[in-house]
Amino acid sequence: MPLSRTWAVRLAPALLLASTATCAAPAEPAVDAGWILAKIARPAPARTPFVEVRGSRLLKKPLRLTGEYRRPDADTLVREVRTPYVETTTLRAGEATIERAGQSPRTFSLSRVPELAGLQNGFGALLGGDHALLETHYRLQADGTRQRWRLTMTPKDAAMASKLQAIVLTGRGAELRCIQARPVGNGEAQRTLLAGAAQDAANVTDAAALAALCDGAPAR
């Protein structure tokens, strides 16, 4: 998948100042990958809106796609783009089928497109809460707090790692809000805003503001 870049870590407990002593307020609980994956799992059938932002030096401004991810069953992942064009990609049984209006569907093996295989193994496993499958394909590192967390997924497969540096997820509690795919080199990150973040981005067009939403800042 060209599936998606950074999130700040907030670890600053408030200090209570008294005339005779200073004491720190309890810190928010830290997170681990297991806690995050358990919280964001969505058993099939599941669906979530998305706003995807693709940057490129060849474009005057980032390409913005909107649509919906669907997981009708445990073995199928559907990515439905609605604007600025209509396209449906269905990943199932090691194959990808791409459908566009006015064109015949195209079906091919996921082994030909490591990015789409990564999408199925990554996003599909995330929705399914499949910790073991994710650790088969990625090294997982979690940080932050339960109110604002980050999960960095570094690919183990050499072919994927040659193109993709990492997939970084950010969220709040049980809500997965953003996926950033960081390419190897100096390429632009691909950001996919999900759920509440996608709704917050509905009227946001500025690239920097969208990046801030992905990093957890409120919409302005």
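**Reading Glu 80 and its surroundings**

Biologist: Leaving aside neighbours within four places in sequence, which residues is Glu 80 in contact with?

Modeller: Contact means heavy atoms within 4.5 Å. For Glu 80 the list is Phe 50, Thr 66, Gly 67, Glu 68, Arg 70, Glu 87 and Thr 88. This is a predicted model, where local features need pLDDT of at least 70 and side-chain atom pairs pLDDT 80 or more, while totals for chains, interfaces and linings use all residues. Residues are numbered from 1 along each chain as its sequence is written, and side-chain values use heavy atoms, without hydrogens or water.

Biologist: In which strand is Glu 80, and what joins its side chain to that of Arg 70?

Modeller: Strands (E, at least two residues) and helices (H or I, at least four) are DSSP runs, numbered from the N terminus. Glu 80 lies in strand β5, residues 76-83. A polar contact is a pair of N or O atoms within 3.5 Å, one able to donate a hydrogen and the other to accept it within protein; residues adjacent in sequence count only if both atoms are side-chain atoms. The one between Glu 80 and Arg 70 is 3.3 Å.

Biologist: Which residues of helix α1 are buried?

Modeller: Buried means under 20% relative accessible area (1.4 Å probe, protein chains only). In α1, residues 33-40, these are Ala 33, Trp 35, Ile 36, Leu 37 and Ile 40. At the start of α1, a side-chain oxygen of Asp 32 comes within 3.2 Å of the backbone nitrogen of Gly 34.

Biologist: Where does pLDDT stay under 50?

Modeller: pLDDT is the predictor's confidence in each residue, from 0 to 100. It stays under 50 over residues 1-25, and the protein averages 78.

Notes: Buried means under 20% relative accessible area, exposed over 50%, partly exposed in between (1.4 Å probe, protein chains only).
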